[in-house]
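Trainee: I have a model open and would like to learn how to read it. Please take me through it feature by feature.

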Amino acid sequence: AVCVRGLPMNYWLLCLPREDLEHCMRKGTFGLSRKCRIGHVRIGDRVVCCAGKGDWKIIGLGSAISDYYVDDAKIFLKEGYYPDRFDFKIEALPKNREVDLMSIIGDLSFVKNLSCWAVFFRDGMAKMSKSDWDLICEKSDTAKSAK
């Protein structure tokens with residue numbers, strides 16, 4: 001899959017506590033305090049929102065609507081400095097279509113070791129494969145509307 005400007009499309013899983021993630025979804029902006037992964041986000045990349053910290057549910061699907069950028073405006077709920085950002089448009093899933101992460105954890109290609117699966121979510125952002133995206137879309141029953 002190719003997105004804007006002929007660059008390859010990437011697939012990202014964003015993982016924060018539900019309250020923080022829902023705030024980011026409403027704002028349409030996601031931020032981190034380090035550029036390592038977020039610096040690779042480009043317009044058109046696909047985005048999955050996962051509520052973590054005991055919840056572990058996929059709660060939204062969408063796309064990046066900006067490339068990575070730096071902005072120090074304080075717009076997030078959590079205390080701290082999160083200047084590394086991108087904007088995104090997310091379709092929040094109805095509660096009855098949220099995907100239980102534990103029901104698919106063993107099928108996600110970026111989770112390399114199930115005995116320590118949580119380590120793959122601790123940075124707030126993980127790169128996924130297209131097959132991970134397709135699986136999540138299928139499980140959320142939004143494959144047609146999310147693609």
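Trainee: Which residues have the most contacts inside the largest nonpolar core?

Mentor: Start with the term. A nonpolar core is a set of buried Ala, Val, Leu, Ile, Met, Phe, Trp, Tyr and Cys residues joined through side-chain atoms within 4.5 Å. Buried means under 20% relative accessible area, exposed over 50%, and partly exposed in between, with a 1.4 Å probe and protein chains only. Here the largest nonpolar core has 24 residues. Leu13, Ile58, Leu101, Leu108 and Phe121 have the most contacts inside it.

Trainee: Which elements each supply at least two residues of this core?

Mentor: Helices (H or I, at least four residues) and strands (E, at least two) are DSSP runs, numbered from the N terminus. The strands are S1 (11-17), S3 (46-52), S4 (57-64) and S8 (125-128). The helices are H2 (101-104) and H3 (130-140). H3 gives the most, with four residues.

Before we go on, two notes on reading. This is a predicted model: local features need pLDDT of at least 70, side-chain atom pairs count only at pLDDT 80 or more, and totals for chains, interfaces and linings use all residues. Residues are numbered from 1 along each chain as its sequence is written, and side-chain values use heavy atoms, with hydrogens and water left out.

Trainee: What does Ile58 touch?

Mentor: Contact means heavy atoms within 4.5 Å. Leave out residues up to four places away in sequence, and Ile58 touches Leu13, Val48, Cys49, Cys50, Leu93, Glu98, Val99, Leu101 and Ile136.

Trainee: Now the helices. Which residues of H1 are buried?

Mentor: Arg18, Asp20, Leu21, His23, Cys24 and Met25. Their cover includes S1, S2, S3, S4 and strand S6 (84-92). Just after H1, Gly28 has a positive phi of about 80°.

Trainee: And which residues of H3 are buried?

Mentor: Asp132, Trp133, Leu135, Ile136, Cys137 and Ser140. Asp141 follows H3, and its phi is positive, near 65°.

Trainee: What lines the largest pocket?

Mentor: Rolling a probe the size of a water molecule over the atoms shows where empty space is left. The working rule uses a 1 Å grid over the protein atoms alone. A pocket is an open set of points where a 1.4 Å probe fits, with protein on both sides within 12 Å along at least five of seven lines. Lining residues have an atom within 4 Å of a point. The largest pocket is lined by 22 residues, and Cys15, Leu16, Pro17, Lys78 and Gly124 lie nearest its centre. S1, helix H1 (18-27) and strand S2 (29-32) each supply at least two lining residues.

Trainee: What is the volume of the largest pocket?

Mentor: About 410 Å³. Grid points are joined across faces, edges and corners, and a volume is the space filled by probe spheres set on the points.

Trainee: Where is Ser33, and what does it touch?

Mentor: Ser33 sits in the loop between S2 and S3. At 41% relative accessibility, Ser33 counts as partly exposed. Leaving out residues up to four places away in sequence, Ser33 touches Tyr81, Tyr82, Pro83 and Asp84.
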